[in-house]
Amino acid sequence: VLSAYNTTAKSAFKRSGAWQLSHFQGVLNGLHINKLVDERLSVKKASYAAVQELKKNEALFDHPKKAMLAFVFGKIKIKNLCRRVGEDCTVNDLLKVAPKEITDFMAAYQATVAFLGQNKFVFNQELQKTGEAKVRLQTHFEQISAVLPISVNELRFLNPQYPYFILPEQATITLPEKLI
């Protein structure tokens, strides 16, 4: 719902990746974010961070849907809605007084859940096996492509966390297993 499964999605609210994590959600959950690296764009690392954030929210709100709303719209906004409606309110009670952006999100979320409940994704090809390699010096994807039989586009696909296609010193790069 947040990114339509687009791992490189960026929102107008400076959220990034498939999980649309904010900068602070990423950093507070262990992701590395700076001018060369944005691990919110790495599906594996961002998924772990998103789950950690959702767990924190569920402990705070004691309800999975409220936790999800807090993940998307912020803990303060959902806390304020809960106070306005009553601390032991249901999600339906919240949605009655919630702004349109929240009710629209919940409608899209419910439609996505219904769709995924009825449909299954079937891969028509086997997924490529990958591994990670450490790079000692700052390196551009084009330099790697010049030495290894891999295109820059494939490197971009495998390593979306490097938005400028530059690996900083001591970075880890994902490559097809046969190229490690």
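Where does V1 lie relative to α1 (23–28)? V1 belongs to the segment before α1 (23–28), where helices (H or I, at least four residues) and strands (E, at least two) are DSSP runs numbered from the N terminus. The structure is a predicted model, in which local features need pLDDT of at least 70 and side-chain atom pairs count only at pLDDT 80 or more, while totals for chains, interfaces and linings use all residues. Residues are numbered from 1 along each chain as its sequence is written, and side-chain values use heavy atoms, with hydrogens and water left out.

**The start of the chain**

With a relative accessible area of 41%, V1 is partly exposed; on this scale buried means under 20% relative accessible area, exposed over 50%, and partly exposed in between (1.4 Å probe, protein chains only). Although V1 and A108 are 107 residues apart along the chain, their C-alpha atoms are separated by 6.4 Å. Once neighbours within four places in sequence are left aside, V1 is in contact with F105, A108, Y109 and T112, contact being defined as heavy atoms within 4.5 Å.

**Two pairs of packed helices**

Two packed helices are described by the angle between their axes and the distance between the axes. Here axes are lines fitted to C-alpha atoms, for helices over the stretch in contact, and angles run from 0 to 180 degrees between N-to-C directions. Angles under 35 degrees count as roughly parallel, over 145 as roughly antiparallel, 65 to 115 as roughly perpendicular and the rest as oblique. A crossing is left-handed if the near helix is turned anticlockwise from the far one by less than a right angle, and right-handed if clockwise.

The axes of helix α2 (residues 43–61) and helix α3 (residues 64–73) cross at roughly 125 degrees and come within 8 Å, and α2 and α3 are therefore oblique to each other. Their crossing is right-handed. On the α2 side the contact is made by A50, E53, L54, N57, E58 and F61, which meet P64, K66, A67, M68, A70 and F71 in α3. By class, these residues are eight nonpolar, one polar and three charged; Ala, Val, Leu, Ile, Met, Phe, Trp, Tyr, Cys and Pro count as nonpolar, Asp, Glu, Lys and Arg as charged, and the others, Gly among them, as polar.

For α2 and α4, the axes come within 12 Å and cross at roughly 20 degrees, so that α2 and α4 are roughly parallel to each other. The crossing of α2 and α4 is right-handed. In this contact E53, N57, L60 and F61 in α2 meet K75, I78 and K79 in α4, and the residues divide into three nonpolar, one polar and three charged.

Helix α3 is mostly covered, with eight of its 10 residues buried. The buried residues of α3 are K66, A67, M68, L69, A70, F71, V72 and F73, and what covers them includes α1, α2, α4, α5 and α6. Just after α3, G74 takes a positive phi of about 105 degrees.

In soluble globular proteins, nonpolar side chains tend to be buried together. A nonpolar core is here a set of buried Ala, Val, Leu, Ile, Met, Phe, Trp, Tyr and Cys residues joined through side-chain atoms within 4.5 Å. The largest such core has 23 residues, of which L21, L69, F73, I78, I102 and F105 touch the most other members. At least two residues of this core are supplied by each of α2, α3, α4 (75–85), α5 (91–97) and α6 (100–118), and the largest share, six residues, comes from α3. Leaving aside neighbours within four places in sequence, F73 is in contact with I78, E101, I102 and F105.

| Residue | Relative accessible area | Class |
|---|---|---|
| Q20 | 5% | buried |
| S42 | 10% | buried |
| Q170 | 45% | partly exposed |

Q20 is found in the segment before α1, and its phi is near 50 degrees, a positive value in a residue other than glycine. Q170, which lies in the loop between β3 (166–167) and β4 (171–176), also has a positive phi, near 60 degrees. S42 has its place in the loop between α1 and α2 and, not counting residues up to four places away in sequence, touches S47, P160 and Q161.
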